[in-house]
Amino acid sequence: MTTAVLFVFLVILVALIFELINGFHDAANSIATVVATKVLTANQGIAIAAVCELLGAMVGTAVAATIGKGLVDTGYITMTTIMCALIGGIVWNLITWWLGLPSSSSHALMGGLCGAALAAANSDWSVIIWSKAPGIGQHWWQGAGLVYKVIIPMILSPIVGFWLAFLSMGFFLRILRSWRPRTVNVTFGKAQIAAAAGMGFSHGMNDAQKTMGIIALTLFTATTAGTFASLPDGLRFLQTPKFEVATWIKVTCALTMACGTALGGRRIIKTLGGKMVKMQPIHGFAAQSTAAAVISTASIFGMPISTTHTITTSIMGVGSTKRFSAVKWNVVAKIVMAWILTLPISGGISYFLLRALKSFGMH
């Protein structure tokens, strides 16, 4: 087996490491509220999230296609480019996980991919697919490129999450004002478990596909470069002459993300679940069901949005129905700063890493 083939395997391994880190980094997205309201313990919540994310990851490939071939010119993509992109995303994920900040694994990966591609193209910004406008009679979400599939959803999803959660919570408070507090807590405590499962499913549906797209891109690049020309018969399934996400890629990524979720992300659970706003089960249900609806809708349209941004702003929305001062805005400010820095820092890490490798003739 050649060195080039072994390097492809190494890239796939690093991609799966990213998926594993994504699982425990974003475990809090699915279960932070259900743990904070004491409906479930952290271990119970993580177990439910792991199973539901495994199921969600098996549904659809629209997001994977966006990541794999919709953001950068694939003509500049090599194994080293993909490796640097993954390292950029992994480093930023680990930094924010250690600090307990719910940053976006999705944006870390996309930033890493764009930064590495930019370095591979010798700083030619046209390597990034900025926008392809939708055709006549099509809606804006049918456009392609960074603007339509990343930037607009990145801005809209937190806003929609906030106001939809705010309005949902206001609706519940109005129609349930005659209910006794104990009845409300018991009813929504049970409902919140279902909402957490739905959130886990939608998270797997969106986030697991991002690594699927990277692995499919890796195999497609290796195949077109002739790296797989002399594979033994037992490895012929790796050949990918056209970009597509094979079933074994789906299963592998789904299981990896589920394992990562099972490892848990207790640091971020603490931030999302209790530091921003004090919640009861009804607040947790409104936040999780709203976020799950937004994320599932985005997944259907192939938009790799940040599940972290969506659940965080949904929690802010339900907290604001008490009063705006109920939200601890100093904590929110730190989270927003991490959001803003994610794309440029992960992109910068991968860019300078690839430039350094090129300077040593290793590209």
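How does the chain's radius of gyration agree with that of a compact globule of 363 residues? A compact globule with 363 residues would have a radius of gyration near 21 Å, and the chain has 21 Å, which agrees. The radius of gyration is taken over C-alpha atoms, and the globule rule is 2.2 Å times the number of residues to the power 0.38.

This is a predicted model: local features need pLDDT of at least 70, side-chain atom pairs count only at pLDDT 80 or more, and totals for chains, interfaces and linings use all residues. Residues are numbered from 1 along each chain as its sequence is written, and side-chain values use heavy atoms, with hydrogens and water left out.

**Overall build**

The C-alpha atoms fill a box of roughly 70 × 45 × 40 Å along the principal axes. The chain has 13 helices and zero strands. Helices (H or I, at least four residues) and strands (E, at least two) are DSSP runs, numbered from the N terminus.

Of the 363 residues, 56% count as buried. Buried means under 20% relative accessible area, exposed means over 50%, and partly exposed lies in between (1.4 Å probe, protein chains only). The chain exposes about 14,800 Å², and carbon and sulfur atoms supply 68% of that area. These areas come from the Shrake-Rupley method with a 1.4 Å probe; for residues, only the protein chains shown count as cover.

Contact means heavy atoms within 4.5 Å. Take the contacts between residues at least 6 apart in sequence: 83% of them join residues at least 24 apart.

**Charges**

The chain carries 24 positive and 8 negative side chains. Lys and Arg count as positive, Asp and Glu as negative; His and the chain ends are not counted. The centres of the two sets lie 21 Å apart. Each charge is placed at NZ of Lys, CZ of Arg, CG of Asp or CD of Glu.

**Cysteines**

A disulfide is a pair of cysteine sulfur atoms within 2.5 Å. By this rule the count is zero.

Where is R236 placed? R236 sits in the loop between helix 8 (181-224) and helix 9 (247-263). At 36% relative accessibility, R236 counts as partly exposed. Leaving aside neighbours within four places in sequence, R236 is in contact with F228, A229 and L231.
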